[in-house]
Structures are given as C-alpha cells and as structure tokens.
Amino acid sequence: MPDLLRGAIAAALGAAGISISPSDVPLEHPAELKNGDYSTSVALKYTKEAGMPPRTLAEKIVAALGTIGGVAKIEVAGAGFINFYLAPSALAEAVEKARADDKWGSGALNARKKIMVEYTDPNPFKEFHIGHLMSNAIGESIARLLQFSGAEVKRANYQGDVGPHVAKAIWGIEKLGLDASDSSALGKAYAAGSEAYESDATAKQEIDALNAKVYDRADAHVNEVYAAGRKASLAHFEELYKILGTKFDHYFFESETAPRGVALVQAHPKVFIQSDGAIVYRGEDDGLHTRVFLTSKGLPTYETKELGLAELKAETWDFDTSITITAHEQSDYFEVVLAAMKKVLPALAAKITHISHGMMRFADGKMSSRTGNVITGESLLLDLTDAARERAKESRADDVDALAQAVAVAAVKYQILKQASGKDIIFDRERALSLEGDSGPYLQYAHARAQQVVEKAKGQGVVAATDAKVEPNDLVRLLHRFPEAVEYAASHNEPHLLTNYLLAFASAFNSWYAQVHVLDGTSEAAHKVALADAVRQTLKNGLWVLGIPSPERM
RNA sequence: GCUCCCGUGGUGAAACGGAUAUCACAGCAGUCUUCGGAACUGUCGUUCCAGGUUCGAAUCCUGGCGGGAGCACCA
C-alpha cells in the first residue's frame, strides 16, 4: 500500500507540473488515528514550486488522484495535508492475514543478506554485569529484527578469556584459597585481585607475572586453575543465556584472536609503529587518537585482538555485514580500530559496523542488590524473578516459576528496549521492578488475555470470521500498521521503535476489550473473536522480535 | 584542554522538519469479582537559554549554560 500511494501521489504531482520520484514522496502514519491511515505533506513541501497555496495544491492533487483501490476516502486537512482512509475491506484483509500467517509482518528489507551480530560479550572470571544484560537485550532484538526482515543471521559472542582481569582473578583464587570451579567465587576473587593490583606493589608484580603465564601457558598449575575457572564461568553464562532466550551460533575467545592480531600487527610495521617502547597506531592522521596495540612488554591489547577477531569471524562465515554491539564508552576506541583495519584488512573493514548503547546509570548513587552487593545483571534478574513470583502465585499459570522467569525477562528487557539504544538508561529499582503500566508484563498480559478469549471461543464452538462490513475501529487500524512498524524498526536497527508501537497497540486492545463483550452470544461474536485472534498473533510476533516470551496464561 | 553524545510535565521516556508535543509512573477522581483488575475511564502538568534558517523547529545551524563518555600501554 505505501508504494502504491507514493506512486499515485508522484503521478498526481506530475499532473500539476512537478516531477518527483515516488521514493521522495513523504508518506507517514498520522500520529492521530482520526487523521487517517496514511498521510502526505507533499502539498506543503512543493507549494513554492507549484506557485499556489498548499491547500489549493492539495485539492489539485486529490482531484488528479481520482479513486484508489482499497482506499475509502481521501481528504485535504489542516494546513494542506492529504489524508488517506483505508476501506473496511482492506483492513479486514489485514486482520485475516495476521491470523493466518505467523510470519505476518516479516518483510524483504534484508532479504538474502548474511549478517553476523556480536553481542553480550561477558568476560570469563568476571561477573555478568548490567552492561552485558543491556548488550544482550539490544543485540538479541536487533538479530531478530534482521531475521524477521529476511536476513540470515548468525549470533556471535566474543569473550575475554585472557588478559589482566584473568590474572587478577587467578591471583585472588590463590590468595583467598577459593575453588576455581565455583563460578560464584570468581567474582570475589577478581574483586580482591583488582583491589590489590591498585594498592599493593608486590601484588601488582605477581599479577603481571601471572598475566604473562596465562598468555604463554607454560605453568602447569596456572593452566589448571585457569581451565577450571574458565569452564565454570562459561557454564554459568550458558544458564543465563537460556533464561534470556539467546542461542549463540559462534563463540570467539581472546585467546584465539590474540595470536592472529599480533601476527597482523607485526606484518605491517609501517602502519603500527614504535612509540615509547610500545607498538601503536597513530589515529591522528584520521582525526582520531593514538592507541596502543602491543604493550612495551610485547602483549597484545584489546585493539590487536579486535583485528584478529575480524579475521577469524570472516573465516568462520562469509558474511555481508558484521555488527558489533557494545557500550557507548567504546565508540572512540572502535573508530581507531576500524581506521587501522582499513589499512591492513580493507575489504573486511568495509563490512564491519558498530552499534553502541548507553550506560546504565543509577538514580540514587550505588545500587545494591538484596544481598547488599553491587547489583549485577544476574542479581537484577533474580530480584525481578522474586518480585514476579509473588504475582505468579495468584495467576492461572500451571508453572509458577516458569511464569515468574518469563515476566522478569519481559520486565528487564522492556526497560532496556523502550528507549533509543544510544541513550543512557537511568536505572530506577522501583520502576524496573514494576510489573504494571508501561512495561513488558503489560504487553504479555494483553497477549494472554487475547489468547484466553480465543481459546474460550473455541470451547464454545464460535468460529472466528472477519466481517468486512463492520466499521473498522482504532484497534484494527493500528493492527494494520504492524508490518510497517517492524520494517521501520529494522531499517534503523532500533528495537524501541517497535516497542513504542506494541505499547500503543496493546493499549488499544485493552481499551477495546474493556468496552466490548467478545463472546456475547450474538452473530457479531465471530467477527470479534477474529479480531482478538489477530491481536494475539500480532502481539506474539512483536514480542518475539523483542526477545520477550509470550506466556499463554499469567 | 580536545573529541563525541545528551538536555522534553514532579519522575522516566516518545515524536522520518509537519496537524492541538504523545505515553507511562507518581498525584487526584472514578469503574467494584469482568469473556482475566498485571486492566479500563477521567483529571492535573512539559520542549535549558539567546539568536538564525524555514510556509512550518523539540528536531537543522551558531553561541552560551548544564550533564555523561572517551582521550597510551585495561577491556
């Protein structure tokens, strides 16, 4: 429909002596439903070229448009907008499509593209913190947006299993006599090592020595502790991915990318130069800043490993695009790495893009979990699950724990995905734990209601059927916008654009549901059940794209 | 100091340069066991400041003020 309208409008404008291509026709969904299903501001834009007032030009365009199939009414409104109102039959068709096709709304925007999405990226031996949770929520949703719009997607997770943080954790394990195979002890060990590194010169030397041993793998005991800790950490992360609904296709580790990166750096002595004993890339030539690639001790930094990662990714899968999702604080770093990569791996550098998300900031200073520790992604999820369990006990769900978990995931992901991903999130415990209003559970609840009324209709033998003669309401008009809402979000790699739509849509459903009685025993029930069924499937699709589970009862 | 990002009701957010700036929370007033109240209805209240571009600016440009991030051997 959008393309059809753009073409017709461009042709009508041509009749008024102005020639533009259909793709340049501004066409939008009016924010207010009373202003129609589609609207264009061409008459306002080209009023000068046409040499007539906007409304006069708009009238001329409308006259030239004549009638369009599927459009019931075209009118000039406001300063010179042209509004299009779809015919009941066209909207009824959308309802039927939504019911019949569980892929309804999936498009061809990224058809046949091969895209690798790298996100989450926690570090073994460290805790799964809130930044990882944010990266996971955003990355998973972008991966699904891409999939839903036709792309072949591979999910990648890149983890720092070597480097100073590992040495700090191993030092802590040894000093505190902790068990490396206990994932919950690793966070404590890292904290101890990290603190000692700053305050104790002897400890600093010991940790630096350990770091070298982790890289050269020559010390049998260190290797043993390292292997146990790494294994425990990774197994624990898998439990979290399962709860969050992410299944990675590829895992990359810094222990693999480091040697590749070093080889790349050493092979290009003109690009990576000596400076104060270190090997650096001078980003100033590209308007950036200098960054160290090999330390004066000869060890690779994150920058060098990133080069090796790019090469390793490309060997693993022949992608068209590789997207990396990280926190905003790494944006400048990433630009320098990309600039360097353009010099040594130009073809590959052109395929790599970076999306950054904001930081989680705390509304009231340091945030603590219920155990008094600094809040992590994991503790947040646990706290939310506990809060949700209280509600779940009074629900109609068969499995209270499963529901509590599904609601907790919805609550936390929604918080992250409701706003533009580049912006910081002000974390408010009360708000994050809230299961009402502008929240993930609100969307789930609307879905569960629709699901249950459809099931009940089946039990009563009511056969759903859309009646094209019924005057379309706001709910139907919003439903019709779903495919374009997904495409809009996908084209910007912005899940929040879909979240905003789903909230408005779920809200319209709840209002409608409060006003009408679906199973009222009359002949109109069939039409209403059909609409509820379309809402059910559409919310389910939308929640899937956000990476949020949609329980049938709650 | 330099670079980048951001300033929208009491709070948190939305708005491809378009229509009366939208939504939620909190507040206030209601719906009172309904096909599911994790819901619905009503109400109160907002674009940091000063210029500029435009038929039209929260949005673009310039200059302030305020906040955040980054800027050499961490990731």
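View 1. T120 is buried, since 28 other C-beta atoms lie within 10 Å of its own, and the cut-off for a buried residue is 20 or more. In this predicted model, T120 belongs to the loop that runs between β5 (114–118) and α6 (130–148). The phi angle of T120 is near 75°, which is a positive value in a residue other than glycine.

**View 2. An exposed loop residue with positive phi, D276.** The loop between β8 (272–275) and β9 (278–281) holds D276, whose phi is near 50°, again a positive value in a residue other than glycine. Is D276 buried or exposed? With 7 C-beta neighbours inside 10 Å, D276 counts as exposed, because the cut-off for that class is 12 or fewer.

View 3. L91 is placed in helix α5 (residues 88–100) and counts as buried because 23 C-beta neighbours lie inside 10 Å. Once its neighbours within four places in sequence are left aside, the contacts of L91 are L86, P472, V476, R477 and H480. A further pairing to inspect in this view is that of L91 with T466, which are 375 residues apart in sequence but 10.0 Å apart in space, C-alpha to C-alpha.

**View 4. The largest nonpolar core and its member V412.** The largest nonpolar core has 143 residues, of which V95, V407, V412 and L479 touch the most other members. Helix α16 (residues 400–417) supplies the largest share of this core, with 12 residues. For V412, leaving aside its neighbours within four places in sequence, the contacts are L133, L380, L381, L384 and A432. For the chain as a whole, buried residues make up 44% of the 554 residues in chain A, and residues 24 or more positions apart account for 73% of its contacts with a separation of 6 or more.

**View 5. Packing of helix α11 against helix α12.** Helix α11 (residues 254–266) and helix α12 (residues 302–316) pack with their axes 6 Å apart and at an angle of about 100°, which makes α11 roughly perpendicular to α12. On the α11 side the meeting residues are E254, E256, T257, A258, R260, G261, V262, L264 and V265, while on the α12 side they are T304, K305, L307, G308, L309, E311 and L312. By class, the residues of this contact of α11 with α12 divide into seven nonpolar, four polar and five charged.

**View 6. Packing of helix α7 against helix α10.** Between helix α7 (residues 164–176) and helix α10 (residues 220–244) the packing angle is about 105° and the axes are 11 Å apart; α7 and α10 are therefore roughly perpendicular to each other. A169, I170 and I173 in α7 meet V222, V225, Y226 and G229 in α10. The residues of this contact of α7 with α10 comprise six nonpolar, one polar and no charged.

**View 7. The surface near RNA strand B.** RNA strand B is surrounded by 81 residues, and the closest of these are E28, T295, G437, D438 and Y445. Which helix gives the largest share of the surface near RNA strand B? That share, nine residues, comes from helix α21 (residues 495–515). Sorted by class, the surface near RNA strand B has 34 nonpolar, 29 polar and 18 charged residues.

Notes: Residues are numbered from 1 along each chain as its sequence is written. Chains are lettered from A and ligands numbered from 1 in the order in which they are written. This is a predicted model: local features need pLDDT of at least 70, side-chain atom pairs count only at pLDDT 80 or more; totals for chains, interfaces and linings use all residues. A nonpolar core is a set of buried Ala, Val, Leu, Ile, Met, Phe, Trp, Tyr and Cys residues joined through C-beta atoms within 7 Å. Helices (H or I, at least four residues) and strands (E, at least two) are DSSP runs, numbered from the N terminus. Two residues are in contact if their C-beta atoms, placed from the backbone, lie within 7 Å. A residue is near a molecule or strand if its C-beta atom, placed from the backbone, lies within 6 Å of it. Ala, Val, Leu, Ile, Met, Phe, Trp, Tyr, Cys and Pro count as nonpolar, Asp, Glu, Lys and Arg as charged, and the others, Gly among them, as polar. Axes are lines fitted to C-alpha atoms, for helices over the stretch in contact, and angles run from 0 to 180 degrees between N-to-C directions. Angles under 35 degrees count as roughly parallel, over 145 as roughly antiparallel, 65 to 115 as roughly perpendicular and the rest as oblique.
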